[in-house]
Amino acid sequence: MILVLSRTYFPDGTNGKLEQEGQFICHTIELPWKENQATVSCIPEGEYFIKRRYSSKFRWHLEIINVPSRSLILIHPANNAQQELQGCIAPVTTLCGSGLGLMSRKAFCKLKDVVYAVLNENQIVRLIVKS
């Protein structure tokens, strides 16, 4: 499966649209681009792989692997990039400003269901991030 994240950059945050084979899944929010600096920047544009991950904080969620000079880049629920993200990507149902969204948990569950169905069949999930 290939997921494509198309971004729009703003000084206060990054907004995106996540699609699978041209089908809209959800919007996304991220931190602004700050040269890939850990905890304050979104990740660079490029191609990555996604795997499932568990933590006590987020329970079952998604991890983006092989991000240059970064680790633990996750996909998890959040509605405010500046307050809740440290380089991760948050799915949201509705965008309401740069790096701001609504109903993230609902969007995250939708995305997780799609991705986990593919991962459960031992297939690869790629993420292409572009502007």
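**Group meeting: a predicted single-chain model**

Among contacts in the chain between residues at least 6 apart in sequence, 49% join residues at least 24 apart. Keep in mind throughout that this is a predicted model.

Let me start with the overall layout. The chain has 10 strands and 2 helices. Going along the sequence, the order is β-β-β-β-β-β-α-β-β-β-α-β. For the 131 residues here the globule rule gives 14 Å, and the radius of gyration of the chain is 13 Å, close to that value, so the chain is as compact as a globular protein of that length.

Next, burial and surface. Of the 131 residues in the chain, 46% are buried. The accessible surface comes to about 6800 Å², and carbon and sulfur atoms account for 50% of that surface.

Now to one stretch of strands, with strand 5 as the reference. Strand 5 covers residues 59-65, and strand 4 covers residues 46-55. The two pair in the antiparallel sense over 7 bridges, and the hairpin that joins strand 4 to strand 5 runs through 3 residues. Within this pairing, Phe 49 stands opposite Ile 65 of strand 5.

Which strand pairs with strand 5 over 3 bridges? That is strand 6, residues 73-75, again in the antiparallel sense. Here Leu 62 stands opposite Ile 75 of strand 6. As a reminder for anyone tracing side chains on screen, in a regular strand they alternate between the two faces of the sheet.

Last, some backbone angles. Most residues other than glycine have a negative phi. Glu 21 is not a glycine, yet it has a positive phi of about 50°. Where is Glu 21 found? It is in the loop between strand 2, residues 13-20, and strand 3, residues 23-30. Is Glu 21 buried or exposed? Glu 21 is exposed, with a relative accessible area of 71%.

Glu 35 also has a positive phi, of about 55°, without being a glycine. Its place is in the loop between strand 3 and strand 4. With a relative accessible area of 61%, Glu 35 is exposed.

To recap the angles: Glu 21 sits in the loop between strands 2 and 3, and Glu 35 in the loop between strands 3 and 4. That is all I have.

Key
Residues numbered from 1 in each chain as written. Predicted model: local features only at pLDDT ≥ 70, side-chain atom pairs only at ≥ 80, totals over all residues. Heavy atoms only, no water. Helix = DSSP H or I, 4+ residues; strand = E, 2+ residues; numbered from the N terminus. Rg over C-alpha atoms; globule rule 2.2 N^0.38 Å. Buried < 20%, exposed > 50% of the residue type's maximum accessible area, 1.4 Å probe, protein only. Contact = heavy atoms within 4.5 Å. Areas by Shrake-Rupley, 256 points an atom, 1.4 Å probe, with all protein chains shown as cover. Pairing = 2+ DSSP bridges.
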